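Open the model in your viewer and keep the selection tool at hand.

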Amino acid sequence: MASKAETPAVNGWIIIDKPLGLTSTQVVGRVRRILRPRKVGHGGTLDPLASGLLPIALGEATKTVSYVMDGRKSYRFTLRWGQATATDDAEGKVIEEDAHRPDEATIRAVLPGFTGEIEQIPPLYSAIKVGGQRAYDLARAQADFELKSRKVTVHAITLQAMPDRDHAVFEVHCGKGTYMRSLARDLGRATGTVAHIVELRRLTVGPFTEANAISLDSLESMGHSPAALEQVLPVETALDDIPALALSETEANRLRCGQAVSMVARANRDRISELSNGSIVFTTTGGKPVALARYEAGDIHPVRVLNL
């Protein structure tokens, strides 16, 4: 058996279609046991009652996690009208009931108010820290506390279906930090009733879509094999929205050593014409990733060197 030192490094992204009933941490642990990366991280937590895309960063890809988490996401959720729960989803106990059910016209009329930059109060059962403690721990201890509203961005929210008078299905495209449970709760209030989420699925995360995903069962059936490793996407897949900059081998070596690369020469003007001061760029040489870098005052400064 090969020693850990002899095990080839696994670098890249594996996109798991997370099943219901597992935490994101549990999924990451199972992927770690299969693929044996030296480092691992993920691109955004999903609750046990949610399914869908869980991008998992392996090895050097962990240096790009923040760029995935900052990207757009999309979700599909089903809410249940007429019942509010302590957790704003089906896991919590019912704390309020209302006999009113909104009609389609009422629902569609309130949706523009949930589009664009909006104020949103996170669920009490969330991972946000309050005085150094997680909100969900305080909520479980029945502590008296409040969460402040935050600005989040909803690019689009659409009503997809109304399967019966108690339920409605929505699709949401949003920015970082948007809570679907809060959105469902607030949709209930806006339509004159109360509501909570009964089903939630994440459809996209940054550049990743369901077409990139593999089920956890399928990956586990492959074990640590060439077939499993073929499911790993290149590190740079996460950086599709970041400007790319090709470097010479000499320039690349300077970045790898933590040194800045000057771009002030006239010959470099075309290479940096699309960059503004402070821009993050993805640098390559010979088509191979080198580093994430920042363009400042005519120089390219390394931010995260990718050892690939």
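A salt bridge here is a side-chain nitrogen of Lys or Arg within 4 Å of a carboxyl oxygen of Asp or Glu. This is a predicted model, in which local features need pLDDT of at least 70 and side-chain atom pairs count only at pLDDT 80 or more, while totals for chains, interfaces and linings use all residues. Residues are numbered from 1 along each chain as its sequence is written, and side-chain values use heavy atoms, with hydrogens and water left out.

Select E60 and K63 to begin. Their salt bridge has its closest N and O atoms 2.7 Å apart, and both residues are buried (under 20% relative accessible area; exposed is over 50% and partly exposed in between, with a 1.4 Å probe and protein chains only).

Next, select E210 and R201, which form a salt bridge at 2.9 Å, N to O. E210 is partly exposed at 38%, whereas R201 is buried at 17%.

Then select R294 and E296, where the closest N and O atoms of the salt bridge are 3.9 Å apart. R294 is partly exposed at 31%, and so is E296 at 34%.

For a network of salt bridges, select R80, R101, R165 and D166. The whole structure has 17 salt bridges.

Now go to D89. Which side chain does the side chain of D89 meet in a polar contact? The partner is T87, at 2.5 Å (a polar contact is a pair of N or O atoms within 3.5 Å; within protein, one must be able to donate a hydrogen and the other to accept it, and residues adjacent in sequence count only if both atoms are side-chain atoms).

Finish with the cysteines C174, buried at 0%, and C257, exposed at 61%.
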